[in-house]
Amino acid sequence: MSIDHPDRRARPRNRRAVILAAAFEAFAHNGYHDTSMADIAEAVGITPAALYRHFSNKQHLLGQCVLTGLDDALARLDAASRSRNSRDAILAALVQVALERRGLPRLWQLEFRHLHERDRSAVLIRAARLTRHLRGTVRSRRPELSAADVECLSWCALSVAVSPAYHRLELPIPVAAQVLGAAMHAVIATDLPTQPTHPLRAHGHSRFADGTDLDRALRRERIIAGAARLFTQHGFPNVSIHDIGVTAGITGPGVYHYFDNKAELLDMIVRRHDEWIELLVAHAMTRSRSSHDAIATLTHNFVRFGADEPDLLAITVSETRHLPAAAEHRYRRVRQDGIASWARMLGAARPELAPPVTRMLIRAFTTVVIEAVRNPRLNRRTDLVELLVAVGHSIQSAPAGRKRPPRVIHRT
């Protein structure tokens, strides 16, 4: 007589990999704070208790997601570096992994602040190895450049490669890889400026010419600027009203004289960004004599805006998910309209490019600016504005998906 035993399914040998894949998607899509261990366990089809047998907590799981992704990217770059044409192979491998694992840059760059100190150190070691590959590629192509210029172009090329992480992919992966590869090659070939003509704005405590303290005269503006800086440094959920008040030189409750809550303050910061973008696009379109002039004007003014207001740009990448649904929709519409208008200008100057290609090039350049103005290894350069403008013209002139030789977009 046989006895029926309960169904005991063997634990899959690859369960850890399955958990990492599910966690990777959840963290990349929803962010660290809006993802729970229960969410990940449900996605895998296991209990939270089973999940904790593999990972001690959510922070540990995030760290393993980032490190596993970076290890995969490095393995591909290491293999490419051993190929016959290693310079081109490294760039191609970087673009391919960035397109296949589009969530990785978001985890690496946006969720780094949530990692355990041990995992942060491990990520930085891997990031150094990754950028070493790029620096070697740039140095082999541009031996005349200084070490600082090689590093700068390497970071800009990396920003181009990872730019699809921050927008919807409109092109098939093979075509997108061709466009991004052409843009990266164009970045590396950029003629760098020799003299800075637009020094960066000095950030800090401001006063009017008559000595009046700007803190007292424009307290509301100080609150907005301080909150933007804290949100980009620590993340919206990790910043309190008290923190914002201290940054603005007032008590926490004093912030409520100007804003009802943190969400209203975040909405105001994003509205400021939206207003700037609409103004920059309108200025370029209405005060230029040609599409080439409009592109040159918008390229310079966007870089100048980024250098002056890096936190406004950064927040639109990292914190808009914390906006109310209507406000987030408004921001996405403004951003998409701005990209579309800029892309139409580029399409008028380069009619051989399809609209999805022009949009991808513009998004690649805006990603370069957003990351460069926040990168402490780059934003100390006194010529950063000129350098990024030159890089912007190179990207927008890249022979990406062209049918005829491109028209060079001249700088003004």
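At what angle do helix 5 and helix 7 pack, and how far apart are their axes? The close-up views described below are taken from a predicted model.

**View 1. The packing of helix 5 against helix 7.** Helix 5, which spans residues 86-100, packs on helix 7, residues 117-141, at an angle of about 140 degrees, and the axes of the two helices are 9 Å apart. Helix 5 and helix 7 are therefore oblique to each other, and their crossing is left-handed. Helix 5 makes the contact through Arg87, Asp88, Ile90, Leu91 and Leu94, while helix 7 contributes Leu130, His133, Leu134, Thr137, Ser140 and Arg141. Sorted by class, the residues of this contact between helix 5 and helix 7 comprise five nonpolar, three polar and three charged.

**View 2. The packing of helix 4 against helix 6.** The axes of helix 4 (residues 58-81) and helix 6 lie 10 Å apart, and the two helices pack at an angle of about 125 degrees. Helix 4 and helix 6 are therefore oblique to each other, and helix 4 passes helix 6 with a left-handed crossing. From helix 4 the contact draws on Leu62, Cys65, Val66, Gly69 and Leu70, and from helix 6 on Leu104, Leu107 and Trp108. Seven nonpolar residues and one polar residue make up the contact of helix 4 with helix 6, with no charged residue present.

**View 3. The packing of helix 17 against helix 18.** Helix 17 and helix 18, the latter formed by residues 384-396, have axes that come within 9 Å and cross at roughly 160 degrees. The two helices, helix 17 and helix 18, are therefore roughly antiparallel to each other, and helix 17 passes helix 18 in a crossing that is right-handed. On helix 17 the contact involves Leu361, Ile362, Phe365, Val368, Val369 and Ala372, and on helix 18 it involves Leu384, Leu388, Val391, Gly392, Ile395 and Gln396. The class count for the contact of helix 17 with helix 18 is ten nonpolar, two polar and no charged residues.

**View 4. The second largest pocket and its lining.** The second largest pocket holds about 900 Å³ of space. Its lining has 31 residues, and those closest to the centre of the pocket are Arg106, Ala165, Tyr166, His167 and Arg332. At least two lining residues come from each of helix 1 (15-30), helix 6 (103-110), helix 15 (310-318), helix 16 (325-349) and helix 17 (355-372), and helix 16 gives the largest share of the lining, seven residues. By class, the lining of the second largest pocket is made up of 14 charged, nine nonpolar and eight polar residues.

**View 5. The largest cavity and its lining.** Across the whole structure, a search finds four cavities of 30 Å³ or more, and the largest cavity has about 180 Å³ of space. Fourteen residues line the largest cavity, with Ile277, Phe302, Arg335, Ile339 and Thr366 nearest its centre. Helix 13 (262-286), helix 14 (291-308), helix 15, helix 16 and helix 17 are the elements that each give two or more residues to this lining. The lining of the largest cavity has nine nonpolar, four polar and one charged residues by class.

**View 6. The second largest cavity and its lining.** The volume of the second largest cavity is about 110 Å³. This second largest cavity is lined by 15 residues, and closest to its centre are Glu111, Arg113, His114, Arg321 and His322. By class, seven polar, five charged and three nonpolar residues form the lining of the second largest cavity.

Terms used
Residues numbered from 1 in each chain as written. Predicted model: local features only at pLDDT ≥ 70, side-chain atom pairs only at ≥ 80, totals over all residues. Heavy atoms only, no water. 1 Å grid on protein atoms, 1.4 Å probe; cavity = no way out; pocket = protein on both sides within 12 Å on 5 of 7 lines; lining within 4 Å. Points joined across faces, edges and corners; volume = space filled by probe spheres on them. Helix = DSSP H or I, 4+ residues; strand = E, 2+ residues; numbered from the N terminus. Nonpolar A, V, L, I, M, F, W, Y, C, P; charged D, E, K, R; others polar. Axes fitted to C-alpha atoms, helices over the stretch in contact; angles between N-to-C directions. Parallel < 35°, antiparallel > 145°, perpendicular 65-115°, else oblique. Left-handed = near helix turned anticlockwise from the far one by under 90°. Contact = heavy atoms within 4.5 Å.
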